[in-house]
2 protein chains.
Amino acid sequence: MPAQRSAVRGQLVWFRDDPFLTDPGHAFVHVDDGLLICEDGLVTAAGDYGELRERIPAGVEPVHYPEHVITPGFIDTHVHYVQTGIIAAFGSQLIDWLNHYTFVEEQRFADAAYAREAAAVFCDELLRNGTTTALTFCAVYPQSVDALFEETTRRNMRMAAGKVLMDRNAPDALLDTARTGYEDSKALLERWHGTGRNLYAITPRFAPTSTPEQLEAAGTLRREHPGALLHTHVSENTGEISWVRSLFPDRRGYLDVYDHYGLLGPGAVLAHGVHLTASERARCAETDTAIAHCPTSNLFLGSGLFHVHDAKDPRRPLRVGLGTDIGAGTSFSLLATMNEAYKVAELSNYPLDSVKAFYLATLGGAQAMGIDDRVGSLEPGHEADFVVLDPRATPLLARRTARTESIEELLFVLAVMGDDRTVRATYVAGERAHDRDTAAV
Amino acid sequence: MPAQRSAVRGQLVWFRDDPFLTDPGHAFVHVDDGLLICEDGLVTAAGDYGELRERIPAGVEPVHYPEHVITPGFIDTHVHYVQTGIIAAFGSQLIDWLNHYTFVEEQRFADAAYAREAAAVFCDELLRNGTTTALTFCAVYPQSVDALFEETTRRNMRMAAGKVLMDRNAPDALLDTARTGYEDSKALLERWHGTGRNLYAITPRFAPTSTPEQLEAAGTLRREHPGALLHTHVSENTGEISWVRSLFPDRRGYLDVYDHYGLLGPGAVLAHGVHLTASERARCAETDTAIAHCPTSNLFLGSGLFHVHDAKDPRRPLRVGLGTDIGAGTSFSLLATMNEAYKVAELSNYPLDSVKAFYLATLGGAQAMGIDDRVGSLEPGHEADFVVLDPRATPLLARRTARTESIEELLFVLAVMGDDRTVRATYVAGERAHDRDTAAV
């Protein structure tokens, strides 16, 4: 089979480092007329078109996206593919919302056909929104994991997912046991982790729905498979936190439950962390445990306001990515998520600039998941997942971006006003996997 | 000239009363297969298709929008048409934002040609988003008002607007004087109020940019023209409130400044009111002074969280409408505004249901402006301004709305997930003024 080769031309934007912690002039890369060359799914060259044009492989015609912005594909560090059908469920905060909507919908994923259809829709929506990697919850049923990974394997997407572990405080039909949860997870992990571009995430839902025995088993699995991710929730809602305290009276707090069972560390992504204490944040920093900031969800469920500048305190910075948290989140778009992250930060008088926001949505997410050597960057050697953003996607956006005076301003306008229409195309492993103008509507 | 006649068929939704204060079963009207008949710009019949089909005028073929939702046109009770060009301006709270962006942009409206082009874009965006009436600030220059009203007259839109009054604390080029502000406003009011469907709003920007003399003159103008509206800002930001206290030490607070100069009362719409005290809210209720709730703006500028349930306290309910507050707001869409209003309410654990949200965006806005006898309703006799919402506007929306089980749930999903694409068509005075599928993109 001949090598896969492609090239695109446009404004390139990516990150070499974390702009919260280093000089943005060093961290942020912008190439005004850039060229990206991809071979066999990897970026082989990224830089100035004039300098690199000689290196375009014979027979390859670069796709030119004039004035468009090409960034690494967006990374959604917290989402539930099995909740795609219940976006915009009215009226509750976290615990009621789980009981009334989520636990009903997730039972449908016992049906593999239902799961397969949902997985296809989910991947379509990710790509339509420029998201090339997600860390997603599945349902408790192994077939819900198989359905997703079959779909992502077919599409060659870099996807991380896992079966939910839940052995208490949920409807019987959704419960596993400490033993079956461990065995099913292990079998799925061995089947899928490293198959294609798939990654397995050990996925206890959250402390209240796992017994100590199940958390213990999750810790065992994590020690046995240190390359796998760990994905759960923490400190989203004050009622939830009180509940955890009552369920685990011997632990010092919510985070300490996970810590006690060996679930923290590199590759562990905890969703929300809205109400983490300063000492809990310090413990996350110390262990390289990451937080997925999910602003549309935190607002929709009234959970509270995550303080990104506290999380990124240079004295003990956390790894932070952005999450849509569909179905409590309200949009698959990481642009919409950046918009809400900006607003949440503004409420504490912290102006989250566009360079930091795009970092969180790309390299920051990859670092949170511990896969920044593979995705989240356009540096040669990285996997060629990227998104092409159209500054003229709507009449109003075209009018506004016509007067931007810097790449930073342009990125900010795209974040605040953008949506799926702003995504002109999404490339996965060097191949166009979504094209706005030819997609079925 | 023959009478203008038209008819549309679809699901009808409107309000007979305020669902915050009365039984929603009484306040909320839903007709599953409805027919709306319009003649000479007015609704002449609204109800069940089967019952009303006999009354379709000869020669009129109803436009059928199967499964679509037809509501009164949205009413934007606070917006700045002259700030359309500066949506998504990065990084400041209110006062800095005014100085850095707004006061620069508004100077461009000294140029009538610039103003005319902006007015056309503004009206296009309103209609694209289903908004048929807005209460908008213009710039200080009379020609910026003429430009807008010329455009709205041509389009036969029910529009309320006024020249900004500002005689201190702004760049010289933007200042009038107490005398010229009064005279220019009076001339504009006499030229435009009641011309076509236009309404004039006496428009002091906010207390800090008007001298006592100018506020006195505004009060005089209001007494001379009691039919005109009054449009200003109040208690948006805590820094602003402190500034007002220092500028008007003899007044009891921010609202009292306006009260003292006779600016409150029916037809007065104060934007924001985020930080109004309980006694200020009581005074607004007592005087029938309305508040424009602008959630996307309050989040974008980090101004704070408006408590709609406090404002609608049945013991002393305020008139409340929704405002986009473009350019500090981030979307022209009242659907997006409802989504953010829901989120802001959730943060205080108040679930703002879809019936209340759509009321705020339609009849509530009309009541806030004191024009509910004319717009904001599909009751016969009202002006035939309405919007046709498409539950299948995007693949994800189609999937989600296919499983809604009530009109309330459908409206909620449209509010949370909707955008300009959801607006299939917008009718002004019985005629289609925007059609999504034929509009230039």
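Trainee: What rotation superposes chain A on chain B?

Mentor: A rotation of 180°, with 0.0 Å of shift along its axis, and the RMSD comes out at 0.0 Å. The two copies are thus related as by a two-fold rotation axis. Keep in mind that this is a predicted model.

Trainee: Got it. How many residues of chain A are in contact with chain B?

Mentor: 51 residues of chain A, and they touch 51 residues of chain B. The copies meet through the same surface, because 100% of the interface residues of chain A are also interface residues in chain B.

Trainee: And how much area do chain A and chain B bury between them?

Mentor: About 4100 Å², with 57% of it on carbon and sulfur atoms.

Trainee: What about salt bridges between chain A and chain B, how many is the count?

Mentor: There are 10. One pair to look up is A:R421 with B:D420, where the closest N and O atoms are 2.7 Å apart.

Trainee: Which elements give two or more residues to the side of chain A that touches chain B?

Mentor: Helices 4, 11, 13, 16 and 17 of chain A. Helix 4 gives the most, with six residues. By class, that side of chain A has 24 nonpolar, 12 polar and 15 charged residues.

Trainee: Let's switch to B:D124. Where does B:D124 lie?

Mentor: In helix 4 of chain B, residues 112–128. B:D124 is partly exposed, at 37% relative accessible area. Its side chain makes a polar contact with the side chain of B:R155, at 2.9 Å. The C-alpha atoms of B:D124 and B:A433 are 9.2 Å apart, though 309 residues separate the two along the chain.

Trainee: New topic: how many salt bridges does the structure hold over all chains?

Mentor: 78. Among them is A:R179 with A:E183, at 3.1 Å from N to O. Both sit in helix 6 of chain A, four residues apart, about one turn of the helix.

Trainee: Is A:R179 buried or exposed?

Mentor: Exposed, with a relative accessible area of 55%. A:E183 is partly exposed, at 39%.

Trainee: And B:R400, buried or exposed?

Mentor: B:R400 counts as buried, at 5% relative accessibility. The side chain of B:R400 meets that of B:E409 in a salt bridge of 3.2 Å, N to O, and B:E409 is partly exposed, at 24%.

Trainee: Which residues are linked with A:D390 in a network of salt bridges?

Mentor: A:R424, A:R432, A:D435, A:R436 and A:D437.

Terms used: Residues numbered from 1 in each chain as written. Chains lettered and ligands numbered in written order. Predicted model: local features only at pLDDT ≥ 70, side-chain atom pairs only at ≥ 80, totals over all residues. Heavy atoms only, no water. Contact = heavy atoms within 4.5 Å. Buried area = accessible area lost by both parts, 1.4 Å probe. Salt bridge = Lys/Arg side-chain N within 4 Å of Asp/Glu carboxyl O. Nonpolar A, V, L, I, M, F, W, Y, C, P; charged D, E, K, R; others polar. Least-squares fit on C-alpha atoms with pLDDT ≥ 70 in both. Buried < 20%, exposed > 50% of the residue type's maximum accessible area, 1.4 Å probe, protein only. Polar contact = N/O pair within 3.5 Å; in protein donor to acceptor, adjacent residues only side chain to side chain.
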